[in-house]
Amino acid sequence: MTRITVNGQLLDIDAAPDTPLLWVLRDHLAMTGTKYGCGMALCGACTVHVDGVASRSCILPLRLLEGKSITTIEGLSHGRSHPLQRAWIELDVPQCGYCQSGQLMTAAALLNLNPAPTDADIDAAMAGNICRCGTYRRIRQAVHRAAQTMTDERAPSDPQS
Amino acid sequence: VSVPPIAISRRAFCKRSAAAGGLVLAMTLPALGDRSEPRTAAAAGGSQLNAWLVIAPDNSISIFVDRSEMGQGVYTALPMLLAEELEIDLAKIKVVAAPVGDAYINVANGGQITGTSNSVQDAWEKLRTAGAQARIMLIAAAAARWRVDPAECRAANGRVANARGNALTYGELAAAAARMPVPKGVKLKAAADFRLIGKSQPRLDTPSKVDGSAEYGLDVKLPGMLYAALEQSPVLGGKVASVDAATAEKMPGVRRVLQTASGMVVVAEHFWQALKARAALKITWDPGANVQLDNAGIHAVLKQTSEKNQALVAKNRGDVAAALKSAKHTLEAVYELPLLAHATMEPMNCTADVKAGGCDLYVGTQVQQAAQEAAAAAAGLSPKQVNVHTTLIGGGFGRRLDVDFIPAAVEASKAVAAPVKLIWTREDDMTHDTYRPPAREAVSGGLDASGKLVAWMLHITSPSITARASPSTTDPFDSVVEYADHYPYGVPNFALTYSRQEIGIDVGYMRSVSHAPNCFVIESFMDELAAAASKNPLDFRLELLAAKPRHAHVLKLAAERAGWGRAAAGRHLGLALMEGYTTVLAQVAEISVDGGELKVHKITCVVDCGQMVNPRIVESQIESGIVFGLSAALWGEITVSGGRVQQTNFNTYRVLRSNELPELDVHLSPSDAPPGGIGEPAVALVAPAICNAIFAATGKRLRSLPISAHGLA
């Protein structure tokens, strides 16, 4: 048994310790928003947050995750309310959509660290997430838009402003 | 449930297919009449007004989309066509994947097939007509209820109303409307009256694609479902000679190890268990005929056949041989194209649930009938006993026009009497693709004393996709001469020929199919001819496009937008033009070559795809095609050694990443031509545009791809 927290829920997982987190999420927990793309941390489709850090779940064995807190696309927000999800919808970013869970999780980790990324910051952070449909330009636009939204929505409650 | 009123009879279908000019893929055309699944209205829980439309009493409207959604936007564009005439709000629509059915045949493709970038073309009249007929039937039902003349009633916003203050929702009218006669000869809206068509609308599938809820084949969940991994022969075409499964069978979670026609399958409670047990199989392979096959051999056999001069003539006009002989300058060149992998983000997978007397198949497929047939054959059922549930597709690009990943899942489900989801790993996917065929293309041109093109000849040598995918085809050319058969430049003496040469491994349709190799050759060679004529590549082309105003227009516009003739210091431009999928488009690549390092700074693309349905999707598809074309042009190459594919994952098969994206300027220049395809054409122009820019920068002409093989990218 390995005890992990997934999207705020404490869970005991009965799976072989070498099982990658990706397959724990998909097969054991039926959370299929996280995708399999390469199995070698090359494409980013499986990106989740582990203790807040964007991580490739396809190469993370369960035995390394005892006590860790994991956030998946299903836990990114309630009702698609994360500014990134709203921007993704406003700009119609996805095409086939398969890689977009990973794109969103990588972008969310970026904005947590860097609330006002430049084009170069976005490109550097997102370079590990392949999109064969080529949605890269809209992804960049949407990350900028979400960053702006987060700044705008933070502003009124900021006592400095 | 009423019978779909607009179902195309097989006879009418054959007649129309013949009229469509012979590009009939005919992948599977058995008797379809008794294979329509009666699931449509029942699944949606309402009244079925036609094959595409079910309206429930609560006003929810289900539209059955008969093309597979793989990113190209059919789950939005096709409902828009129907909604335009039905007078409903797009946001209210629930999209349902259509089952197998006669009504759902793509006429030009000759089957229920999503391919050839023609989903909108096929649906353009059909779905608007279906919407208009349903609207008239709803009005008739309301008029009957109110005992008034239908002419007094109007439909708008999902309601029928009249001037006396009566109003009923479509939900209230649907049951009665479904019993009304289907009107004939309905008049469709003029373009000027379109509410939705031609105006950017939000994609209906976007929300589910930002929260993980969108269901792809990989995500199907069924009670009691098991998982399977498949081990295929590492040498393409090989077979299992013998196997020792004793260790694998004892591993945790393993339910069954079975030999199938596709290779060894391990069924387990979880996929990771299946993968680990698969690694423990001790298989001896009979490698078969390909054990000596390598890249040098593939290109050598293409060269040999190409030089035999025993070609089939696809087009011949004037007297090319004589014109080349008498030309002032003649030019000859040979171009070579590599094998490519589709590398869809979602690897091949299929979930099958074989029960007594039937099979449910859950699969991301571009060919519902062929999927049904493949599953039926593997299960020992008749096709009509197989229900095909089409899921969202995590990248098709033509890969899912093949059904090679279906039978093993069906065989496994049958063996264990439970639903089985069989998943290919990325390595399985890349080493067992149906690859974009390689080609050798010999091209010649003749110029007169004024530098005008007087003769042009192209001889293509490559394997045939269609001969494998559709053995019954009678068209020896099919896709192989694409773009070349629409060569837009005015030339009095023209010949286009083809020699089929198989290479021992399966080749398949890949996004833009033969447009990509042929556009690379045609547009690169246009620049070679322009250089020989001492003319600017733009002017040289425009002189030959006098009879093609649409082509000349997009080419000029692309050149203007890209700053043709005004490139900044150190930057160089190259252009390409193409007509494909009835769309006309031009691209300009802006590059620099610095110390042998190529950088693509910008791609400008001007597109005339006729009448657009959803411009925001058109734009995204053109961008998508450019990115796909960039990956292929810069790095795309599958190589074979000892019959094994040497690329296995994204570390050895490089594709474009976000930090490598050039600036994109996509300009939509629609016309009043009928809707043209948008999913595929933009792919094909990228390589020639870049290679022409490389020539402008370095004087070096690249006659093979990828560009990286020339030490540049």
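1. In chain B of this predicted model, strand 22 and strand 23 (residues 583-594) run antiparallel and are joined by nine bridges, where strands are DSSP runs of E of at least two residues, numbered from the N terminus, and two strands pair if DSSP finds at least two bridges between them. Within this pairing, Leu577(B) stands opposite Ala586(B) of strand 23, and in the hairpin, which has two residues between the strands, Tyr581(B) takes a positive phi near 60°.

2. Strand 22 (residues 572-580) of chain B is largely enclosed by the rest of the structure, because eight of its nine residues are buried, that is, under 20% relative accessible area with a 1.4 Å probe and protein chains only.

3. The open sheet of four strands in chain B has the order 22-23-24-27 with mixed pairing; its edge strands, strand 22 and strand 27 (663-668), each pair on one side only. Strand 24 (residues 597-608) and strand 27 of chain B run parallel and are joined by six bridges, with Leu664(B) in strand 27 as the bridge partner of Ile603(B).

4. On cysteines, the count is zero disulfides over all chains, a disulfide being a pair of cysteine sulfur atoms within 2.5 Å. For Cys609(B), the nearest cysteine sulfur is that of Cys605(B), 10 Å away; Cys609(B) counts as buried at 2% relative accessibility.

5. On conventions, residues are numbered from 1 along each chain as its sequence is written, and chains are lettered from A in the order in which they are written. Local features need pLDDT of at least 70, and side-chain atom pairs count only at pLDDT 80 or more, whereas totals for chains, interfaces and linings use all residues, and side-chain values use heavy atoms, with hydrogens and water left out.

How values were computed. Buried < 20%, exposed > 50% of the residue type's maximum accessible area, 1.4 Å probe, protein only.
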